[in-house]
Amino acid sequence: RESDHRAWTPVTYTVTRQNATIQGLIQGKAYFFRIAAENIIGMGPFTETTKEILIRDPITVPDRPEDLEVKAVTKNSVTLTWNPPKYNGGSDITMYVLESRLIGKDKFHKITKEKMLDRKFTVEGLKEGDTYEFRVSACNIVGQGKPSFCTKPITCKDELAPPTFDLDFRDKLIVRVGEAFSLTGRYSGKPAPKVTWLKDDIVVKEDDRIKIKTTPTTLCLGILKSVREDTGKYCVTVENSTGSRKGFCQVNVVDRPSPPVGPVIFDEVFKDHMVVSWKPPLDDGGSEITNYIIEKKDTHKDLWMPVTSSTVKTTCKIPKLLEGREYQIRIYAENLYGISDPLISDEMKAKDRFRVPDAPEQPIIKDVTKDSAVVVWNKPYDGGKPITNYIVEKKETMATRWVKATKDPIFPGTKFKVPDLLEGCQYEFRVSAENEIGVGDPSPPSKPIFARDPIAKPSPPINPEAVDKTKNSVDLSWQPPRHDGNGKIIGYLIEYQKVGDEEWKQANLTADSCPETNYKVTGLTEGLTYKFRVKAVNAAGESDPAHVPDPVEVKDRLEPPELILDANMAREQHVKAGDTLRLSAVIKGVPFPKVTWKKEDHEVSPKADIEVTGVGSKLEIRNTVHEDGGMYSLTVENPAGSKTVSVKVVVLDKPGPPRNLNISDVRSDSCYITWMEPEDDGGSVITNYVVERKDVASAQWVAISSSSKKRSHMAKYLMEGTQYLFRVAAENQYGRGPYVETLKPIKAIDPLHPPGPPKNLHHVDVDKTEVSLVWNRPDRDGGAEITGYLVEYQEDGADEWTKFQTVPMLDCVVTGL
């Protein structure tokens, strides 16, 4: 029963043990309990608990505190914080016990007797440089619980913290001129950081307007009555020994713009309108110019009239002017923050002040050719408007009508090459200038000129030299002159002079007899020494002479033969049958050597084409066959010596026929074929043999092997009794050679042997001149049907057997004995 009730409540079940668990009790209430024993006779008396029992969970010591952290460290103190245990053991925490252990010692020592219920404590009086561990325990009415996990080892020394800050300004700040602004924030760090302010990378210094205030935790830069020059990129640096932090702010101090830059330029002036231009303000006030305001004023009046207030261009058309009146223009610049002071122009009268350009002076004509001429002139006065085009005209001297030289504009150059002139005609030229007002008057006509190429004498030929000589001639060679004088080179004059003489003799009488850049001077005297010179000739005359540098002694020049082999004269030349064989070499030597081609020390085949030129020789054989292969030699010989080169030519062809084809070991279904390799393998390795057979009654050959590398083959699957022909051909990489064929058919039958001897020969009758004989068949017939029996007799004592006759049966009567 509850302690404050008198009624007993039975427990809902009966127990047979000496213990019971009572459920459904209310925490915090006090109860009495009683118990009675019962048997089959009945229930005995109750026994009651002596005092009330309060229902509550059992109380234990608290769990360990949590999250023990070190918040600050100095050289002689450590500040710690922690959180309460997850479970207080069923009773409120009464105090905390904080313990420390010097690293290297075994035991923890209690630090203080304070209760520390605010869970924060600073341990003081520590020794600088020592290292400690700390732990904390919770206590309730039951006692002290488990200690917390230890802190990491903590060494007592002044703590370092890199700088941090929290700035109250953004990346950009816009301020009106005259207003004040400030850049503020908070910062921290250990040791205490140094605060520096920069503007555009220059240290900011305090003055009457600029104030800098720094406390241990706050920073501030203030500027009073800002001016445009305060615009810039401001940087605050917070720095200590552990690092630095930087913050930036782009401050833009804005104002109305300064006036547009003058003077006002009158680009165009007409009787009813003008076009003016100006330059933008030097200072746009820190904000983009949004528009210009343009006004005009008649100088006879005091009233300014608006023209436009919505242009961003620095040019404007001033319309609706009265001819002859003088006007002034004023211009304001405007941005988001206001309108500038005005720019005022000089006075300008409204009248047409532009006209067409003047006529150019008489043009000069240069660089005349048969179909073109260059016209050159000076720029005339442009009439107040820029010249945009020149008009060049031409006319034949005897004609009356001027014609434009081109439809394309000519500008800004003051010369023009006039094309499409007719050769031999006489022309005059004139020039007009054009601006936006119109075309001015033409210049006076130029002096007349004829359309034809100017011709001058050519320059001398280049690098004349003696390139060869004999006992009565010298070969000269040179290069054309650098300049032909604008006339075609007709030819060259060659002159020579005997050393010691003063007179130059002509080797050729006319220039057109030597149109090329080489010449053989003949008729010279052997053993004498000569000088030579060459002149180029065009329609204007002869050039200055060009001399051969050194005198030349006239005599035969001997040079031993020299062979420069072409690629096809390598040591071995392979050519495919049917292709063309080409052997060639460049030949040098003075005099030119005699050329001899041979094959295996014999004359070459008549089918070979041999060509000999002044620089070399070539041998060519078309449609080569295998027999064209062999060792070819080329011999060159002159009085100074001889030289021979050889090349082995291999004509690659199909192989020849195999040799000694033989059929052996004939059976009823097979035979064995053998042969020897061809005498000629075609210059290439035999890759395989092709074996074919043919039934004599058939026209079709059938391949029985096409890849055999051996020189034998077993022909299988023959039809017994059938007659066959066989043939074999060799193959290399250039094709299949001719077949060799069996001379006579081979019959597919097993081989025949003589039959065995007849058995049991004996006589059955005898007469005075004859004997009757009988016998039995032999054991073996030799593989074929027995066709008869040969009967022979011999007189007793004689050596020879005498043939009697062949009989088909197993008996015979021998007569005539």
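Reply: Start with W377, Y390 and F411, which ring pairs link into a cluster. A word on what counts as a pair: rings of Phe, Tyr and Trp (for Trp, its six-membered ring) pair if their centres lie within 6.5 Å, and planes under 30 degrees apart are called stacked, over 60 edge-to-face, and the rest tilted.

Stay with F411 for a moment, as a cis peptide bond joins F411 and P412, with omega about 5 degrees. P412 itself is in the loop between β33 (403–404) and β34 (415–418). Strand names like these come from DSSP runs numbered from the N terminus: strands are E runs of at least two residues, and helices are H or I runs of at least four.

Before going on, a note on where all this comes from: this is a predicted model, where local features need pLDDT of at least 70 and side-chain atom pairs count only at pLDDT 80 or more, while totals for chains, interfaces and linings use all residues. Residues are numbered from 1 along each chain as its sequence is written, and side-chain values use heavy atoms, with hydrogens and water left out.

Back to the rings: the structure holds 15 aromatic pairs. One of them is Y496 with F532, a tilted pair at 6.5 Å centre to centre and 45 degrees between the planes. Y496 lies in strand β39 (residues 491–498) and F532 in strand β42 (residues 529–538), so this pair ties together parts that are 36 residues apart in sequence. Y496 and F532 are both buried, where buried means under 20% relative accessible area, exposed means over 50%, and partly exposed is in between (1.4 Å probe, protein chains only). F532 also pairs with Y530: the ring centres are 6.4 Å apart and the planes are at 40 degrees, so that pair is tilted too. Y530 is buried, as is F532.

There's another cis peptide bond to look for, from G262 to P263, with omega near 0 degrees. P263 is in strand β21 (residues 261–269).

Some backbone spots are worth a look as well. R119 isn't a glycine, yet it has a positive phi of about 60 degrees. You'll find R119 in the loop between β8 (109–110) and β9 (120–123), and its relative accessibility is 28%, so it counts as partly exposed. D201, also not a glycine, has a positive phi near 65 degrees. D201 is in the loop between β15 (194–199) and β16 (202–203), and it is exposed, with a relative accessible area of 74%.

Now zoom out to the whole protein chain, which has zero helices and 68 strands. Its radius of gyration is 67 Å, well over the 28 Å that the globule rule gives for 817 residues, so the chain is more spread out than a compact globule. That radius is taken over C-alpha atoms, and the rule is 2.2 Å times the number of residues to the power 0.38. Along its principal axes, the C-alpha trace spans about 175 × 155 × 60 Å. Of the 817 residues, 36% count as buried. Finally, with contact meaning heavy atoms within 4.5 Å, residues 24 or more positions apart account for 62% of the chain's contacts with a separation of 6 or more.
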